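Hello,

Here is the structure I promised to pass on to you. Have a look at it first, and then read my notes below.

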Amino acid sequence: MTNHLPNEARVIALRPHGARPVVAPPRQAPPAKEPLWRDLVGDVLRRERLAQERTLKDVADEARISMPYLSEVERGRKEASSEVLAAAAHALGLNLGDLLTRAQGELTRLSSRYAGGGHRGVSGSSHNGMCLAA
């Protein structure tokens, strides 16, 4: 007494016969993100160090911070404290204000590239100073 089942597969239609497949609209590139402050500060530190033709070890030793940590700061991977930033800046012959002013200049230059990156709460007046709010 064996039951013989036919070896036929059952076909289940996923869409009505003759219907056209739905085509997704073309993907748009995601909007560009504004740069992070830690990336800008790191870029300034690295550019200044390279302009002085100094090694990461040399600057880290003079700043009394670890070389791996300074590397992470330069690459924008770590959000350094103001004490660490001041130490790194001083090791490069800059003061903290110089470092932050250069980073703010980069932010201003780069932020003009971003569409929709409106300047909420900023008056129409132009100023060259830096304003940090807590």
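**Starting from serine 71**

If we leave aside its neighbours within four places in sequence, serine 71 is in contact with Arg46 and Leu56. Please keep in mind as you read that this is a predicted model.

Where is serine 71 found? It lies in helix H3, which covers residues 67-74. Is serine 71 buried or exposed? Its relative accessibility is 15%, and buried means under 20%, so serine 71 counts as buried. Along the sequence, serine 71 and arginine 46 are 25 residues apart, yet in space their C-alpha atoms are 8.7 Å apart.

**On to glutamate 74**

Helix H3 is also the place of glutamate 74. With 2% relative accessibility, under the 20% cut-off, glutamate 74 counts as buried too. Which side chain does the side chain of glutamate 74 make a polar contact with? The partner is arginine 46, at 3.0 Å. Neighbours within four places aside, the contacts of glutamate 74 are Gly42, Asp43, Leu45, Arg46, Arg49 and Leu56.

**The whole protein**

Stepping back, the protein has five helices and zero strands, in the pattern α-α-α-α-α along the sequence. It has 134 residues, of which 27% count as buried. Among contacts between residues at least 6 apart in sequence, 66% join residues at least 24 apart. The accessible surface is about 10800 Å², with 54% of it belonging to carbon and sulfur atoms.

Enjoy exploring it!

Best wishes

Key. Residues numbered from 1 in each chain as written. Predicted model: local features only at pLDDT ≥ 70, side-chain atom pairs only at ≥ 80, totals over all residues. Heavy atoms only, no water. Helix = DSSP H or I, 4+ residues; strand = E, 2+ residues; numbered from the N terminus. Buried < 20%, exposed > 50% of the residue type's maximum accessible area, 1.4 Å probe, protein only. Contact = heavy atoms within 4.5 Å. Areas by Shrake-Rupley, 256 points an atom, 1.4 Å probe, with all protein chains shown as cover. Polar contact = N/O pair within 3.5 Å; in protein donor to acceptor, adjacent residues only side chain to side chain.
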